[in-house]
Amino acid sequence: KISFVWVLVVLALSIPLGMLSIGYEFTTPQFSREPGVSEAFLRQTNHSHTKPPIIIGHRGTTSLVPENTMMSTTKALGSGADIIHANIRRNAENKIFFFADETISRFSEEGDSFRKLSNQQVQSIDAGYSFTPDDHVFPFRGKGLHVPNFYEW
């Protein structure tokens with residue numbers, strides 16, 4: 001798992017763009033991806049004549065915890081994910097972070113471009129700011145979740 005991510009991240013370093021999406025989406029008609037269907041259930045219901053599904057944690061486990069955080073990645077791997085899909089971006093100091101959006105508008109009241117932020121500004125982003133399981137409660141807001149950089153991940 002780790003070597004797969006490292007290879008893709010190394011490829012990202014050679015691309016002069018600010019963002020690269022790592023991973024891919026897994027879909028097949030015989031497996032439901034509706035909320036509440038666990039990955040273990042998907043593995044158990046697989047027919048013996050077909051290959052087992054590849055479980056991909058899209059930005060980690062985004063239905064349970066904030067995306068692209070260490071917590072999300074850990075939960076995805078602990079839940080049986082075979083691959084982690086992550087997005088990476090470079091900031092103003094050319095440091096690589098795991099972040100999906102071009103701006104930080106989902107994570108603060110400001111709409112600054114991620115590419116223009118310093119390392120200190122990126123580290124101050126509240127990665128749990130916008131996560132909500134029900135559109136009413138924000139359980140991770142202000143809890144110290146930050147945007148991980150390449151070396152943390």
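This is a predicted model: local features need pLDDT of at least 70, side-chain atom pairs count only at pLDDT 80 or more; totals for chains, interfaces and linings use all residues.

Me: Let's get oriented. What is the secondary structure made of, and what pattern does it follow along the sequence?

Reply: There are four helices and four strands, and they run α-β-α-β-α-β-β-α along the sequence. Buried residues account for 39% of the 153 residues.

Me: Where does glutamate 67 sit, and why is it called buried?

Reply: Glutamate 67 is in the loop between strand S2 (56-58) and helix H3 (70-78). Buried means under 20% relative accessible area; glutamate 67 comes in at 16%, so it counts as buried.

Me: What does glutamate 67 touch, leaving out neighbours within four places in sequence?

Reply: Its contacts beyond those neighbours are Arg59, Thr62, Ser72, Ala100, Arg106 and Phe107.

Me: What makes the pairing of glutamate 67 with arginine 59 a salt bridge?

Reply: The test is a side-chain nitrogen of Lys or Arg within 4 Å of a carboxyl oxygen of Asp or Glu. Arginine 59 is buried, as is glutamate 67.

Me: And how do you know that arginine 106 pairs with glutamate 67 as well?

Reply: Their closest N and O atoms are 2.7 Å apart, and the pair forms a salt bridge. Arginine 106 lies in the loop between strand S4 (96-98) and helix H4 (119-123), while glutamate 67 is in the loop between S2 and H3, so this pair ties together parts 39 residues apart in sequence.

Me: Why is arginine 106 called partly exposed?

Reply: The class runs between the buried limit of 20% and the exposed limit of 50%. Arginine 106 has 33% relative accessibility, so partly exposed is the label.

Me: What about aspartate 101: buried or exposed, and which residue does its side chain meet in a salt bridge?

Reply: Aspartate 101 is at 17% relative accessibility, so it counts as buried. Its side chain meets that of arginine 106 in a salt bridge, at 2.6 Å from N to O. Through shared partners, salt bridges join Arg59, Glu67, Asp101 and Arg106 into one network.

Me: Last one. Which residues line the second largest cavity, and what makes the lining six nonpolar, one polar and one charged?

Reply: The lining is Glu67, Asn68, Phe98, Phe99, Ala100, Phe107, Ala127 and Val147.

Key
Residues are numbered from 1 along each chain as its sequence is written. Side-chain values use heavy atoms; hydrogens and water are left out. On a 1 Å grid over the protein atoms alone, a cavity is a set of points where a 1.4 Å probe fits but cannot get out, and a pocket is an open set with protein on both sides within 12 Å along at least five of seven lines; lining residues have an atom within 4 Å of a point. Helices (H or I, at least four residues) and strands (E, at least two) are DSSP runs, numbered from the N terminus. Buried means under 20% relative accessible area, exposed over 50%, partly exposed in between (1.4 Å probe, protein chains only). Contact means heavy atoms within 4.5 Å.
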